[in-house]
Amino acid sequence: MLKHLYQPTAYQTDTLPESYWVASASPLPDCETLPDATTIQTEVAIIGGGYTGLSAALELAENGVDVAVFDAGRSGWGASGRNGGFCCMGGSGKSYAQLAKQFGEDETRHFAKLQRSAIDLVGSRLESWNVDADRHSNGEVILAHKPNRVADLHEDAAETAHFTDIETEFLTRDQLCERGLNAGETYGGLHVKAGFGLHPMKYLAGLHHQCASKGVRIFEQATIEDVKNTGNGYELTSKNIRISAPKVIIATNGYSAENLPDWIGGRLMPVFSGILVTRPMSDDELANQGWTSDLMAFDSRILLHYFRKLPDNRFLFGGRGGITATPTSFAHAKQDLLGNFNRMFPAWRDVDITHHWNGLACLSQSFRPYLGRVPGHRDIWTGLAWHGNGVALGSLAGQMLGKQILGTQQPSETGAIMGTPPDRFPFSRFRRIGRNLAYRYYGLRDRFA
């Protein structure tokens, strides 16, 4: 039996999430369903049909490998259909300076280059596949939510200049207002000019189509319950179905089971993030608040908020989405999120909210992503822990996994930051309690420090 960190509500796979993305994108074509009883053979079995799993499948299939993808729900059921649509830098919960202290400056620059390459990969895919994914925004803006956080923005700018070639621009409070970036509790901003916003389900649909066109078999409602080493490959089990494969990729990220395989247990901390989306607003309504820019933005809180104006003048606002998968917890988180939205954008207090949903972002014990072999298994691979930035980095990681399996890219090219497996959380069985205590502490720091 699969073991998960949260209640079953967080992992129900019968339907796609009730997100704005699902509601506004054309439905993905029906995939295959597993037959009643049989054995399926494939060269590479991929568990998870999101950005990472499908990107790996595409790379392999384009090079003649027989690939089968198994998703517990449908493509887009997990984080790929629930995220905020930020294709941007990120992937670690640590700053460049913190990473450099642990891994050195060269490795930190390499990690930053991979992030930039990940953004470029998604952009080139949209262009070459002719996918209209509502792309917009020249980078993103970090907003200081307190006067004493302005100095942190200048430090961020210095680190970005030291470790990357990305251009940044500091904006005063007045300059933010002049550029249509007026939000409450904002005292300055740093425009990081890399990345863009997109419609995540439209991008996923393009990726799904490319995989299908290359012969990738994609099975939906196909929960993999066990993976066993047979000595001559692996046998995966889904109900009474057996899947035989010499190589396996696990691409389930925050929706991973604690015991598939056992190595994953205790190394990840999935956390809920909630998103609300307004109805389309008129130009006058946008002007009343003073937010008319289409730049992606997030604030300097530890428990940060992220937000952006969508191309049809809806507004997306995201943040912490609850601590457990219960209706009470989700309802409380929604009210908290709405309260923060109203405080930061008071002119829109009476604007209707048309959509609200929750999903799991994935942190690791090390606050770093991981890409490579599952320790203890020669031919089980994984890519996970994107720290809320999986649109870009998850896509590149999937492609890199495919190349490593093909032998066209050496594991050393991943670099030490992404190539070093995370440790287990101390007292891992109690990590949800620790996370709850940390949230209280972070909330106090965000408010008073």
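## Strands β3 and β14

Ile46 has Ile249 of β14 as its bridge partner. The two strands involved, β3 (residues 44–47) and β14 (residues 247–250), run parallel and are joined by four bridges. Please keep in mind as you look around that this is a predicted model.

## The seven-stranded sheet

Where do these strands belong? They are part of an open sheet of seven strands with mixed pairing, in the order β1-β10-β4-β3-β14-β21-β20. At the edges stand β1 (32–33) and β20 (370–373); each has a single partner strand, so one side of each is left without a neighbour in the sheet. As a reminder, strands of a sheet pair through backbone hydrogen bonds, either parallel or antiparallel.

Helix α10 lies across β3, β14, β20 and β21 (380–384). Relative to β20, α10 runs at about 20 degrees.

## Strand β4 and its neighbours

Now for strand β4 (residues 67–70). Val67 and Val69 point one way from the strand, while Ala68 and Phe70 point the other way, and all are buried. Strand β4 runs parallel to β3, with four bridges between them, and here Ala45 stands opposite Ala68. To get from β3 to β4, the chain passes through helix α2 (residues 51–61), making a right-handed β-α-β crossover.

Strand β4 also pairs with β10 (residues 217–220): three bridges join these two strands, which run parallel. Across this pairing, Phe70 stands opposite Phe219 in β10.

## Aromatic pairs and charges over rings

How many aromatic pairs does a search of the whole structure find? The search gives 26. One of them is formed by Tyr11 and Tyr255, and this pair is edge-to-face because the planes of the rings are at 90 degrees, with their centres 6.3 Å apart. Tyr11 lies in the segment before α1 (20–24) and Tyr255 in the loop between β14 and β15 (268–278), so the pair ties together parts that are 244 residues apart in sequence. Tyr11 counts as buried because its relative accessibility is 11%, and Tyr255 counts as buried at 10%.

Elsewhere, ring pairs link Trp291, Phe307, Phe315, Phe317, Phe341, Phe345 and Trp348 into a cluster. The charged end of Arg82 sits over the ring of Trp77, 5.9 Å from its centre, and that of Arg435 sits over the ring of Tyr439, 5.4 Å from the ring centre.

## A closer look at Thr160

Is Thr160 buried or exposed? Thr160 is found in helix α5 (residues 150–163), and this threonine is buried because its relative accessible area is 9%, where buried means under 20%. Leaving aside residues up to four places away in sequence, Thr160 touches Tyr96, Ile166 and Thr168.

## A closer look at Glu413

Glu413 lies in the loop between α10 (390–406) and α11 (416–419). With a relative accessibility of 39%, Glu413 falls between the 20% and 50% cut-offs, so it counts as partly exposed.

Which residues does Glu413 touch, not counting residues up to four places away in sequence? They are His110, Leu114 and Met400. Leu114 is 299 residues from Glu413 in sequence, yet their C-alpha atoms are 9.8 Å apart in space. Met400, another of the contacts of Glu413, brings us back to α10 (390–406), the helix that lies across β3, β14, β20 and β21.

Notes:
Residues are numbered from 1 along each chain as its sequence is written. This is a predicted model: local features need pLDDT of at least 70, side-chain atom pairs count only at pLDDT 80 or more; totals for chains, interfaces and linings use all residues. Side-chain values use heavy atoms; hydrogens and water are left out. Buried means under 20% relative accessible area, exposed over 50%, partly exposed in between (1.4 Å probe, protein chains only). Contact means heavy atoms within 4.5 Å. Two strands pair if DSSP finds at least two bridges between them. Axes are lines fitted to C-alpha atoms, for helices over the stretch in contact, and angles run from 0 to 180 degrees between N-to-C directions. A crossover is right-handed if, with the strands pointing away from the viewer, the path from the first strand over the helix to the second runs clockwise. Rings of Phe, Tyr and Trp (its six-membered ring) pair if their centres lie within 6.5 Å; planes under 30 degrees apart count as stacked, over 60 as edge-to-face and the rest as tilted. A charge sits over a ring if NZ of Lys or CZ of Arg is within 6 Å of the ring centre and within 35 degrees of the ring normal.
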